[in-house]
Amino acid sequence: MKEDLRVVKTKRNIKSVMMDLLKKKPIEKITVTELASHALINKGTFYHHYSDIYDLYQELVTDFIENTLGSLNYYEEFFSKPESFLQKFLHDFRENDIKKTFPFFNEGTHSLFLPYYVTELLLDRIMSVNCVENTIENRVKVQCCITAVTASKSHFDESYNNIIVQVASKMIHSTFPLQI
């Protein structure tokens, strides 16, 4: 079912105003009243779509990462060619480039941990290719492998990508040996 155009326009407006406000101040300093005033909506309209400012913020971050991950077309390689998958992923999804494009991940006391959000969305994308049965056990295994990559990437600069690919691909091969 198609979403009502009025809802789409309202949410787009709210998100646009939120992005403008985030350029001027940290999320902790933004109120629903202020956002509603700038968006030319009432607070009830805001609360119809979001539970609070942090709910909206999380949706902005999720949308941004989802759009970035959505352009990737090699998820099945996670199981069949992990080295290739990891090299492409580390090239396509550079944390520093994302922070330059959407620089609000680490501001203020309510900082969002980028690798956590990347891991969650990447897990869903990888599991959607149906290369392994979508069980809790397999989801945990995939999540552990992804977390190893995203956490390592956040601790080491690009000069260590080859080592990250080497170690993580061995983990994937040993965790999913029948998928090679």
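Biologist: In this predicted model, in which hand does helix 6 pass helix 10?

Modeller: The crossing of helix 6 over helix 10 is right-handed. Helix 6 covers residues 82-92 and helix 10 covers residues 161-175.

Biologist: Why are helix 6 and helix 10 called oblique to each other?

Modeller: They pack at an angle of about 140 degrees, with axes 9 Å apart. An angle must be over 145 degrees to count as roughly antiparallel, and 65 to 115 degrees is the range for roughly perpendicular. The pair is therefore oblique.

Biologist: Which residues make the contact of helix 6 with helix 10?

Modeller: Helix 6 contributes Pro82, Glu83, Leu86, Gln87 and Leu90. From helix 10 come Asn161, Ile164, Val165, Ala168, Ser169, Ile172 and His173. By class, the residues of this contact are seven nonpolar, four polar and one charged.

Biologist: What makes helix 9 and helix 10 roughly antiparallel?

Modeller: Their packing angle is about 170 degrees, and their axes lie 10 Å apart. Since angles over 145 degrees count as roughly antiparallel, helix 9 and helix 10 are therefore given that description.

Biologist: Which residues of helix 9 and helix 10 form their contact?

Modeller: On helix 9 they are Lys141, Cys144, Cys145, Ala148, Val149, Ser152 and Lys153. On helix 10 they are Asn161, Ile164, Ala168, Met171, Ile172 and Thr175. This contact divides into eight nonpolar, three polar and two charged residues.

Biologist: What makes up the largest nonpolar core, and which residues have the most contacts inside it?

Modeller: The largest nonpolar core has 49 residues, and Met18, Phe78 and Phe89 have the most contacts inside it. At least two residues of this core come from each of helix 1 (5-24), helix 2 (32-39), helix 4 (53-70), helix 5 (77-80), helix 6, helix 8 (114-127), helix 9 (136-155) and helix 10. In soluble globular proteins, nonpolar side chains tend to be buried together.

Biologist: With which residues is Phe78 in contact, leaving aside neighbours within four places in sequence?

Modeller: Phe78 is in contact with Phe85, Ile126, Val142, Cys145, Ile146, Ile172 and Phe176. Among them, Cys145 and Ile172 also take part in the contact of helix 9 with helix 10.

Biologist: How many helices and strands does the protein have?

Modeller: There are 10 helices and zero strands, and the pattern along the sequence is α-α-α-α-α-α-α-α-α-α.

Biologist: What share of the protein counts as buried?

Modeller: Of its 180 residues, 39% count as buried, the cut-off being under 20% relative accessible area. Among contacts with a separation of 6 or more, 64% join residues 24 or more positions apart.

Technical notes. Residues are numbered from 1 along each chain as its sequence is written. This is a predicted model: local features need pLDDT of at least 70, side-chain atom pairs count only at pLDDT 80 or more; totals for chains, interfaces and linings use all residues. Side-chain values use heavy atoms; hydrogens and water are left out. Axes are lines fitted to C-alpha atoms, for helices over the stretch in contact, and angles run from 0 to 180 degrees between N-to-C directions. Helices (H or I, at least four residues) and strands (E, at least two) are DSSP runs, numbered from the N terminus. Angles under 35 degrees count as roughly parallel, over 145 as roughly antiparallel, 65 to 115 as roughly perpendicular and the rest as oblique. A crossing is left-handed if the near helix is turned anticlockwise from the far one by less than a right angle, and right-handed if clockwise. Contact means heavy atoms within 4.5 Å. Ala, Val, Leu, Ile, Met, Phe, Trp, Tyr, Cys and Pro count as nonpolar, Asp, Glu, Lys and Arg as charged, and the others, Gly among them, as polar. A nonpolar core is a set of buried Ala, Val, Leu, Ile, Met, Phe, Trp, Tyr and Cys residues joined through side-chain atoms within 4.5 Å. Buried means under 20% relative accessible area, exposed over 50%, partly exposed in between (1.4 Å probe, protein chains only).
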